[in-house]
Amino acid sequence: MSLAIDRGALTVRLAKAERRGKIRAFLLVAPLLAFVLLSFVIPIANLVTQAFYGDLVSSTMPKTTTELATWNGAMPVPESLCESFVTEFKAAKVKDPALPTRIATLVNREFSGSLSKLRPVANNELSAPYCGALAKLNDEWTKPEIWNAIKIVSPSVSPRFFIQSVDYRLNADGSIRPETEENKIHLALFGRTLYVAAAVTLFCALLGFPIGFLLAHLPARTSNLLMIIVLLPFWTSLLVRTTAWIALLQQNGVINDTLVALGLIADDHRPVMMYNMFATLVAMTHVLLPFMILPLYSVMTGIKPNFVRAARSLGATPFTAFWRVYFPLTIPGLGAGCLLVFILAIGYYITPALVGGQSGQLISNIIAFHMQKTLNWPLASAIGTLLLAGVLLLYWLYNRLVGIEKMKFA
Amino acid sequence: MKISKGLSVLLGAAAAIGLTAAAHAGQITVISWGGAYTNSQVKAYQEPWMKKTGNTIVSADYNGGLAEIKAQVQSGNVTWDVVDVETSEAISGCNDGLFEKIDASKLPKGENGAGPLEDFVPGAITDCAIANIAYANVIGYDSTKFPGDKPTKVADFFDLKKFPGKRGMKKEAKVNLEFALMADGVASADVYKVLATKEGVDRAFKKLETIKSSVVWWEAGAQPPQLLASGEVTMTTAYNGRLFTPAVKENKPFVIIWDGQQQVFDNWAIVKGTKNKDLALDFVAFSTSTKPLADQATYIPYGPARKSSAPFVGKFEDGKTDMAPHMPTNPDNMKNAIVQDVKFWADHYDELNERFVAWIGK
């Protein structure tokens, strides 16, 4: 009897001790968790939300929003719509003088030129009948385009930025039209980005594999020296490395000058190596190479030389021993390197923008363009979300094909 | 509670002095474009203002664009007080509620007594920003590359047969579309009228298409002189000051074609929600007054935004180069010039730039 009681008390104490241990462990990782949450999860969630949610119009002009939702596109627009639009738009200015122009900027993105038609509405005295007053301000108010544009931007939840990310546009009636030929760009750039990333990954793998092999199988002193040479550019600023490539590759650059001096090429037939796809691939491969070498090296140093020796003693040719025994053992490192390089390459934009000329325009440049120049953050978010989804898809595919648990980063 | 009356008075006085000192010795952060340009502002605006008021300025650089300002305003954590922006960005930032409104009528009078609203050149005052200088987008070339005939007009930039070699252009629709139309024969006065139509935009892009394969695109103002110096291009668009400095200081063979120059203002804007609004306003008012604006021209050939500054513009810092002939606003350079139409660009910036970016990407 007393034994049973003791055992019960023991279990309770054990559970208590375990719980205390768990709490202590949690407190240890809590700062990191909070950091990741604050600096990574929340901003990303915020950006992804911006891509489809924006209540600027619907919260400042709720009546206009509901009336526009039921308006079927017929002209002239009903007087009640004009009235609620004018009164709410003017009220917005009283609440915050910047609001009308912020709304007008949104409308302007759907129908270029609206900005200068909307702002006078907030700045001028208008009286009933409001539709007539608007028409007197500007002829455009008697045409459907501007009303349609307001209708498109009014709902708080809208898929229009995702639609625009894949070169289509949303119409006011909910249908979709293809983007005009001269403005189509996103799909082509998604394609080019994938192509560049894949090519850079391939080059990194081809160049990095022998280097990793060399590093792993040389005596420690030599390999440490070589490792420093591999890591040295890694510690140099990205911009410095990129600019160095410009100095090397340009028309009157080091490489061309040397080739001319050696008499290998004529002075007026210098090959163009700068501001094209070639420069992009060379510079990106160089910048990303360490990300391939490091995981390969760490996997290769762990492969016991006995395996290859055993294969050879059992009669395998050097190639078979390499291909059937050694190479499969490097797959976790190769996979990790490829995944790292590919994901980093997909988001690259500074290097291609500086050395790539026209072909250096990748999807990330468009995201930066909308973040910095047009301030169209929802569109930038939508393109970014699609890119993120693409990376996650690749990650999932990789996991299915190779297995993420086998991966070794460094 | 036995503090003597004398001591408490002393303490009170000390506290009062401490408070006033804190109120006076303020600090603001001023953001500009870096290089020779920021240097000219430090010498002509910042150092005299700090000396006069006893406040300090933290000077930092940026690369244009409103993204950082928008992030600061939206997060309510404003660390930039005064920012140097182009007029189109001053307007779109004002529209977006990123900048404080500035009442230009409260700025100091000109040295000649003219009221501020009359003294500033047209277009220099907008709702949220006050222009300090006008610079010009010009075409420049390396004279050693064209031993025979020299290019003299915008159309020559697009003439690859007569003036062979690569061209440098800014990776932006603004400025390039105007150059293209002028080269295609549109009179400078009609450029924006033509550009407002679909046909006009098509025409500009068609003209650009004729040299597209020979263009090297640049993004930062420091690039065009480098492209010219390295021989990567023979002709390039550039900010006039960026070509002037290497030409005069380092004797580079750079020549500016003033035909078709496009003038743009650089402006001071105050970031919305700054805690140092009064100080920031004081700095803006001081630096855009007659003398500091004229002083800036000692360091860089950008035209002061006030008419009253013109008589005070002297020589370059080397003491011998007369600045007047290098100013975009010099009458000889103004024979065929346009002032960038900021209203047009506020309406069409997004649309035309999206098309431009798509066009480059193809």
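Leaving aside neighbours within four places in sequence, A:L288 is in contact with A:V200, A:C204, A:V341, A:L344 and A:A345, where contact means that the C-beta atoms of two residues, placed from the backbone, lie within 7 Å. This is a predicted model, in which local features need pLDDT of at least 70, side-chain atom pairs count only at pLDDT 80 or more, and totals for chains, interfaces and linings use all residues. Residues are numbered from 1 along each chain as its sequence is written, and chains are lettered from A and ligands numbered from 1 in the order in which they are written.

A:L288 also belongs to the largest nonpolar core, which holds 188 residues; A:L288, A:V341 and A:A345 touch the most other members. Such a core is a set of buried Ala, Val, Leu, Ile, Met, Phe, Trp, Tyr and Cys residues joined through C-beta atoms within 7 Å. A residue is buried if 20 or more other C-beta atoms lie within 10 Å of its own, exposed if 12 or fewer, and partly exposed in between, with C-beta atoms placed from the backbone. The most to this core comes from helix α14 (residues 277–301) of chain A, with 14 residues. Helices (H or I, at least four residues) and strands (E, at least two) are DSSP runs, numbered from the N terminus. In soluble globular proteins, nonpolar side chains tend to be buried together.

Two helix pairs of chain A can be set side by side. The axes of α16(A), residues 318–346, and α19(A), residues 377–401, come within 11 Å and cross at roughly 170°. Axes here are lines fitted to C-alpha atoms, for helices over the stretch in contact, and angles run from 0 to 180 degrees between N-to-C directions. α16(A) and α19(A) are therefore roughly antiparallel to each other; angles under 35 degrees count as roughly parallel, over 145 as roughly antiparallel, 65 to 115 as roughly perpendicular and the rest as oblique. On the α16(A) side the contact is made by A:G335, A:L339, A:I343 and A:I346, and on the α19(A) side by A:L387, A:V391 and A:Y398. By class, six of these residues are nonpolar, one is polar and none is charged. For this count Ala, Val, Leu, Ile, Met, Phe, Trp, Tyr, Cys and Pro are nonpolar, Asp, Glu, Lys and Arg charged, and the others, Gly among them, polar.

In the second pair, α4(A) and α7(A) pack at an angle of about 70° with their axes 8 Å apart, and are therefore roughly perpendicular to each other. Here A:E79, A:C82, A:E83 and A:V86 of α4(A) meet A:Y130, A:C131 and A:L134 of α7(A). This contact has five nonpolar, no polar and two charged residues.

Turning to the two chains together, 28 residues of chain B are in contact with 33 residues of chain A. On the chain B side, α3 (67–75), α4 (87–95), β6 (215–218) and α14 (342–361) each supply at least two residues. α14(B) gives the most to that side, with 14 residues. The chain B residues that touch chain A divide into nine nonpolar, nine polar and ten charged. α14(B) also bends by about 65° at B:H348, the bend being the angle between axes fitted to the seven residues ending there and the seven starting there. Because 16 of its 20 residues are buried, α14(B) is largely enclosed by the rest of the structure.

Several loops deserve a look at the backbone. Most residues other than glycine have a negative phi, and most peptide bonds are trans. The peptide bond from A:M75 to A:P76 is cis, with omega near -5°, and A:P76 sits in the loop between α3 (62–70) and α4 (79–95) of chain A. That loop also holds A:G73, which is exposed, with 12 other C-beta atoms within 10 Å. Apart from residues up to four places away in sequence, A:G73 touches A:P144, A:N148, A:A172 and A:D173. The bond from A:A128 to A:P129 is cis too, with omega near -5°; A:P129 is found between α6 (115–123) and α7 (130–137) of chain A.

A:D167, not a glycine, has a positive phi of about 65° and is partly exposed, with 18 other C-beta atoms within 10 Å. In chain B, V175 has a positive phi of about 75° and lies in the loop between β5 (167–170) and α7 (176–183).
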